[in-house]
Amino acid sequence: MGTLITITLYTQDSVAGKAAAGAAFRRIDALEDIMSDFQADSELMRLCDQPFGTAVPVSAELFDILQRGQKIAELSDGAFDVTVGPYIRLWRFARKRKVLPTPEEIASAREAVGWQKLRLDPHTRAVTLLVPNMRLDLGGLGKGYAADAALRILKGRGIERALVAASGDIAIGNPPPGQCGWKIGIAPFDGATNKAPRTLLLHNAGISTSGDTEQFIEIHGVHYSHIVNPATGLGLTNRVQATIIAPDATTTDSLDTTVSLLGVQRGLALIDSRPHLAAFIVTIHDGVTRNFPSRRFGRIPQAH
């Protein structure tokens, strides 16, 4: 998944703890073999290589994550879209070469992008790509999904006090002994090292943060994020960082990207319209940093 994943757990039996962590990491490895768009032989890439218009039976895990993605796509009017693979490939080349894709390249890729061009049949657990040259990309929710799966493995082995961190996507179980929750820090968006991180106390939840503090590129003086906008095929140009809190990390992983793409007004409206969600959005415009908490964010313990 191109990132470092860590597991922190509390147990009185170190042998059982190590065995549980090993099983959780094996589960993550298995999911990477299913979801990766870097591995040519992953189940996701084998699906993309099938002729378009063909209903392809897939594993329960792949169908589940695609179904989760399609629900977020519908909820966000396509701001979140697992079919952006053609744009992602163009943008990866653009970042390497520091040259924008041509309008012709973007137009060609656009023919294969659109969440409604993906059909899921829950009765047969089959997936159909409806147009040629489609490439699916699960980078917007795969790490959160893997973190949730690893946490379930730990809980299944009786380890309830655990946290799985997949870079900016964290699945959180019961709190450490004697604590009200896990202390989670949100780094300052401007990258300043002299600022204390905003901290939260969380348990039995997911949290994800997206932003362009580390992954961005400047081309012809324009700042482009690594987050690709399905509406344009290019990296996002407005400076925004979104932190999402929800019952699970799959949800937060997909929604931090979605809210970044929707912008402050539409993003907060989406978060406030759904139960059990909270968000904290930070923007930078003309050097001015502004904070936008959702309605439920202030109810989180020690959210300051």
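Student: Is F280 buried or exposed in this structure?

Tutor: Buried means under 20% relative accessible area, exposed over 50% and partly exposed in between, with a 1.4 Å probe and protein chains only. F280 has 6% relative accessibility and therefore counts as buried. The model is predicted: local features need pLDDT of at least 70, side-chain atom pairs count only at pLDDT 80 or more, and totals for chains, interfaces and linings use all residues. Residues are numbered from 1 along each chain as its sequence is written, and side-chain values use heavy atoms, without hydrogens and water.

Student: How many aromatic pairs does a search of the whole structure find?

Tutor: Rings of Phe, Tyr and Trp (its six-membered ring) pair if their centres lie within 6.5 Å; planes under 30 degrees apart count as stacked, over 60 as edge-to-face and the rest as tilted. The search finds three such pairs. One of them joins Y10 and W182, tilted, with 5.8 Å centre to centre and 55° between the planes. Y10 is partly exposed at 39% relative accessible area, while W182 is buried at 9%. F280 and F297 form a tilted pair too, at 5.0 Å and 35°; F297 is buried, at 3%.
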